[in-house]
Amino acid sequence: MKFSRFSLIFFFAISLSLGLTGFSLAQDKTTLTVSVEAWMVDKYNMPELEKRFEANHPDVNVVVLTHEGNGVAYPGIFLEWSQTGKSTADLYFGGLVSQIAPAIIDDQLIPLDGILTDELAPDKWIPGFLSPSYVEGAEGSHYPTLPGLGETINFQFNTNLFIQAGFVDADAKPILPTTYEQIHDYACALAKLETNGQKIIGFEGEYNNNFAPDTWMAAVVAAEGTYLTKDGKINWDSEAGKKWLAFQKQIVDKGCGGTTVFTDNNGARNALKAGQAAIINASNSRSSEGTNALCKEQGTVPCPSGDIIQMFSYPGDGGTIAFSHQFYIPRVAAHADLALAFAREAILSKYAQTWSATQFGKMPTLWANYDALPKDVNVDFIRTELEGPTMGQWQFRDGQFLRNSYVEQLQLYLTGDQTLDETIAALKSIQDGADLTVPGAKKP
Amino acid sequence: MSETLVVSDPENKVYKVPTKQRWYLEQRQSRFALMLILPSALMILLFIGYPVVYSFLLTFSQFNAHQVTWFSEGLSNYQKVLNDRAFGNAVRFTLLYTAVYVPLSVAFALFVGVLLQQVKIGTAFFRSLLFLPSVIPITMGLLMFQWVLDPNNGIFNHLIRDALGRPDLAKNWLGSLDTVFGTLVAITLWGFGPWILMLAGLLAIPKDFYEAARVDGATHLQEFRFITLPQLRNTLTVVITLQMIKALKIFVPIYILTTGNPAGKTQSLYFLVSKKINEGEQWYAYASTVGWVFTFIVIIITLLTTFFLRNRRDRV
């Protein structure tokens, strides 16, 4: 078959114009790039948030990227902003205030104060979650980040095992320990139980860099109201802190608790979910995870058969640690306005705030959304904790270094390599050599 | 200077080329060769040379997100690193791991190689089977071991407790100071080391040697001692050097299995560099210094090993 020269030229011209039309149509859409910590994609239902936002903004194409969690990715992300003047993503979601403090100190984030109006006015937020985002900046620029969803640090326990051990009242309600001595006694009694011929772990602590420093902070806040000294340093000499360390050591030494978390960040939650740990000490969402995993009607989430895992607070009246997964927009973002719209319409939407809470126990940061949550003992417990005094995590430039150092010193103590006094002395010495600059010292 | 240039074309024709023309041709060839090399050379300079020089200069400097203050630190970063207990622990762990892992992995590889050399039936099956660990992504393999060794739910402790009836022997293999080192070494030996290289070396040994030895009445042990080992010397040199570098650079198993713990006792030098980088840009200069001290250690060990192995080979 022969084609005339004209038909060939015509064919190419048509193809080219169709291609260019398609290209220009694609170009008409603005791409909003959102980067979240990898584990958050499912737990915060990012695909659904993406879909809903695109439906409301037909001219926007949302691309969700992931970055590593646990503070690992952040130095590289901040460096990209400062060294290239560009940002891979327009909006970042994930990262605790303690992990993103360097970006706040270096004034790399756009103030988000503009959206704190009407239903997002500061008084509509839970103070425990909002206040750690506050920076003493210039007027109108106090919030370089805002909390997406949050958690508190407390103890979670398996009610079935409490019943088995007889730690219940006449109405079969769990009798909760209120002192470290009691928690210790409970743990050692529970450690004598067996499930499927296997010994129960009485108490599994957070001994690794996921939560270990936060559990120390929570213990000190509960007893003394703050973990900071008057000059803003970490109060390693705190009596409550020493008591907390000694309590953990006693549990480990007596074999009433596990030590899986020494090397496996997920050791405690996995043991709780498997019904093998009686008490753990971590963030509140572990109670939802544990309940859902142990629920008799497997596959139905949230678990309809009750709160198998419940919670109790640290000894003391000082409150606890509240922390949240922050969202923030780098100053060098290409589409800052769209990023702000996504934060307001997607991340802070009632759907996002309540969906994750019911599925995974990540709590809403706005009071209004609590009314949409199921009424159960765990939601009530967290609400009560959040209504009381809370404190955020430390926010030093060397915050991550201090977190890692705490884990190392804690484990050296728990494994018997050093005494409590040596541990405290080492932590103080490490703090003396650390950069303790905090956000707000350099005003935006 | 010869006036004949031999061109090895398919017909092996010999062309006589005048000296000047030949010089011109050689120049053209050199230029052409340089042009071919240039893209790769530029890439190497850009992506390897530049970061290497940059990170070395960083060891004498101070780094933050907005600026580098070059040469402001002198040798203080080195001083800081050498006085750091974490660095001392990392050096100790890395060297001890290398000292234990290298001989074991080489011995395993040699053992498996010799066995496969002897096997006459199902050769492909056994080779494929033993090759499986190399095909499985390392992270998957390590996560599998994490599950197997889980102190509460792992099958290993389950077997010890229930099948052997010895609950006292069930341990927190990766979380206890007593067992973590041995467990790490054992896990990283999974795959039996570089047995493929060993097998290749073994198959290259002429069979006549063994036949002649058998005629002379040599035992299997004597064959191994006086034929196999001497003939494998070059392969062994390569394998030992490669395994040594691999062991010194251990990172992924630690990252996945122990996070450098318990009590920071399984932090390798590579892991320490990564950990410091993750602590913020203010630690980049420190991390570079650890990296360079580590590089010096690797170079010294590799040179010593090569020198030692070559000396032994020359003596033989």
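**Notebook: two interfaces in a predicted model**

I began with salt bridges inside chain A, and I counted 1 between domain 1 of chain A and domain 2 of chain A. I note here that the model is predicted. Which side chains make that bridge? They are Glu289(A) and Lys43(A), with N to O at 2.9 Å.

**Entry: the domains of chain A**

I looked up where the domains run. Domain 1 of chain A covers 30-151 + 322-391, and domain 2 of chain A covers 152-321. I found 27 Å between their centres, taken over C-alpha atoms.

Next I checked how the two domains touch. On the domain 1 side, 21 residues are in contact with 33 residues of domain 2 of chain A. I was happy to learn that interface size is often given as the accessible area lost when the parts come together. For these two domains of chain A, the buried area is about 2,000 Å², with 52% of it on carbon and sulfur atoms.

I then turned to polar contacts across this domain interface and found 13 residue pairs, both residues at pLDDT 80 or more. Which elements of domain 1 of chain A supply at least two residues each to the side touching domain 2 of chain A? My list reads strand S11 (320-328), helix H14 (350-360), helix H15 (377-387) and strand S13 (390-391) of chain A. H15(A) gives the largest share of that side, 6 residues. Sorting the residues of that side by class, I got 10 nonpolar, 6 polar and 5 charged.

**Entry: chain B against chain A**

Now for the partner chain. I saw that 35 residues of chain B are in contact with 34 residues of chain A. Chain B and chain A bury about 2,800 Å² between them, and carbon and sulfur atoms give 45% of that area. Which residues of chain B lose the most area to chain A? They are Asn152(B), Ala263(B) and Asn278(B), together 18% of what the chain B side buries.

How many salt bridges link chain B and chain A? I wrote down 3. I looked at the one between Asp417(A) and Lys265(B), where the closest N and O atoms are 2.4 Å apart.

I also noted 14 residue pairs in polar contact between chain B and chain A, both residues at pLDDT 80 or more. Helix H3 (85-118), helix H12 (252-257) and helix H13 (269-278) of chain B each bring at least two residues to the side that touches chain A. H13(B) gives the most there, with 4 residues.

Methods: Residues are numbered from 1 along each chain as its sequence is written. Chains are lettered from A and ligands numbered from 1 in the order in which they are written. This is a predicted model: local features need pLDDT of at least 70, side-chain atom pairs count only at pLDDT 80 or more; totals for chains, interfaces and linings use all residues. Side-chain values use heavy atoms; hydrogens and water are left out. Domain bounds come from an automatic or database domain assignment. Contact means heavy atoms within 4.5 Å. Buried area is the accessible area (1.4 Å probe) that two parts lose on being put together, summed over both. A salt bridge is a side-chain nitrogen of Lys or Arg within 4 Å of a carboxyl oxygen of Asp or Glu. A polar contact is a pair of N or O atoms within 3.5 Å; within protein, one must be able to donate a hydrogen and the other to accept it, and residues adjacent in sequence count only if both atoms are side-chain atoms. Ala, Val, Leu, Ile, Met, Phe, Trp, Tyr, Cys and Pro count as nonpolar, Asp, Glu, Lys and Arg as charged, and the others, Gly among them, as polar.
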